[in-house]
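Please keep the structure open while reading.

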Amino acid sequence: MGILAGFMVPHPPLIVPEVGRGGEEQIQETTDAYDRVAREIAGIKPDTIIITSPHATMYSDYFHISPGVGAVGDLGDFRAPKVTFDEKYDYELVNELTDALLEDDFPAGLEGEKKKQLDHGTMVPLYFIRKYYKGGKIVRIGLSGLSLLDHYKLGIYIKEAVNKLGRNAVFVASGDLSHKLKAHGPYGFAPEGPVYDERIMDVMGRGAFGELFDFGDDFCDKAAECGHRSFVIMAGAFDGMAVRVNKYSHQDVTGVGYGICSFYPDGDDEARHFLDKKKMEALRMREGSDGYVKLAWASLESYVRSRKKLKVRDIPAELSENLPDEIFSRKAGAFVSIHKNGQLRGCIGTIAPTKDSVAEEIIQNAISASTRDPRFDPVTEDELDMLEVNVDILGEPEDIESIKQLDVKKYGVIVTSGYKRGLLLPDLEGVDDPKTQVSIAMRKGGILPSDKYSLQRFEVVRHK
């Protein structure tokens, strides 16, 4: 009992003959692999088929699990209205899962359904499965904009709920690969596209699930991948387990990548608790941080855990003794940035000094970055083990006459128009040229391209 197999599959409507009308022949290799997967699922005869789909209801900060006793759908949006589905949900498993999520205050549940009908990311896998196996209820789960670690953690919750109820289940991770593999494809070409496909097929082909966290957001966005988060949830469902992997196919002839693999549990493996490994990595990074970052951590933890603002006089002696004198005597603007699994979790700073010392500036901005960044919910105590913190100390801004005087790796930029002001730090992922840097700073400051504005540049000292 438990999750008896997992499958990484694509969901191109083209592959359904009633949709493709002959066009599906160009991805025959994918069709053949899909048929093999479907026959394997039929051989398992699962009680429950868990499907994660990028095209189910999706939110930036919440995982939606489809509620109710079932749902219907068809491929009418793809010129095949006669291809229909009538699926029953395993609502007992859904209830067990959502109860556990609610108890732990994990951001997932049944609220916010946007469309009850089945989506094509769910229906295309079911098209093949139902050719060979009519039994088994389904659970349908959407992705989110939360971190990859949160997706992995959701997979762990799914695994635990399945085990608790004694279900025989299979996990179907629905998702295409890059959408930017060919210039003639529907989404064009990006150099990151083929790189993504090669990397993801290598990682999944080895069952190296811990390496799924190493794909940066900017890289994935440029590759226009579809299923990465779906694959990560499935990986979490095999946490602490060895897997036997079969890599069946990979095609890119349409300009979109389609990859199919199967994963079968092969006993417990303590080395494959990848969430715990990431926590240990974050702890090691924290222990290796310099004094500026450790001060930000001390401030952040004091406030998040007990809502107490750290005072300079209360800085622990073992930290204070290792801080440079200038941190207490110098004044400067400072930014504190918080990341969780490579994703920004909060960033607040001051362009110019507002406190009597850099130390006080860091203490205050660490609190603000963790609890007052309007883009994010406040950091919770449960998240502390997963966070990374950086501190940037700003140099004096200098006026410049032209964007040509900027270097995105060396200088940050301040754009000012009247009372409006936007700032962007240097050396940020995805900011590769001054034009992009200035454009982002203007958006942050609410400055329109038609507005008259002035530019300043500044250097920073980045502490990690």
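A residue is called buried when its relative accessible area is under 20%, exposed when that area is over 50%, and partly exposed in between, with a 1.4 Å probe and only protein chains considered. The model is a predicted one, in which local features need pLDDT of at least 70 and side-chain atom pairs count only at pLDDT 80 or more, while totals for chains, interfaces and linings use all residues. Residues are numbered from 1 along each chain as its sequence is written, and side-chain values rest on heavy atoms, with hydrogens and water left out.

**Salt bridges around E301**

- The structure holds 25 salt bridges, a salt bridge being a side-chain nitrogen of Lys or Arg within 4 Å of a carboxyl oxygen of Asp or Glu.
- E301, which counts as buried at 17% relative accessibility, meets the side chain of R286 in a salt bridge with an N to O distance of 2.2 Å.
- Because R286 lies in helix 9 (residues 274-287) and E301 in helix 10, this pair ties together parts that are 15 residues apart in sequence; helices here are DSSP runs of H or I with at least four residues, numbered from the N terminus.
- R286 is partly exposed, with a relative accessible area of 23%.
- E301 also forms a salt bridge with R305, where the closest N and O atoms are 3.0 Å apart, and the two residues, 4 apart in helix 10, are separated by about one helical turn.
- R305 counts as partly exposed, at 43% relative accessibility.

**Other salt bridges**

- K164 and E96 form a salt bridge whose closest N and O atoms are 3.3 Å apart; K164 lies in helix 5 (residues 148-165) and E96 in helix 3 (residues 91-103), so the pair ties together parts that are 68 residues apart in sequence.
- In this pair K164 counts as exposed, at 63% relative accessibility, whereas E96 counts as buried, at 19%.
- A network of salt bridges links D150, K340, R345 and E383.

**A positive surface patch**

- K309, K311, R313 and R372 form a positive surface patch; the residues of such a patch have over 30% relative accessible area and no salt bridge, and like charges are joined within 9 Å.
- K309 has its place in the loop between helix 10 (291-306) and helix 11 (317-320), and K309 is partly exposed, with a relative accessible area of 38%.

Technical notes:
Patch = residues over 30% accessible without salt bridge, like charges linked within 9 Å, V, L, I, M, F, W, Y side chains within 5 Å. Areas by Shrake-Rupley, 256 points an atom, 1.4 Å probe, with all protein chains shown as cover. Lys, Arg positive; Asp, Glu negative; His and termini not counted. Charge placed at Lys NZ, Arg CZ, Asp CG, Glu CD.
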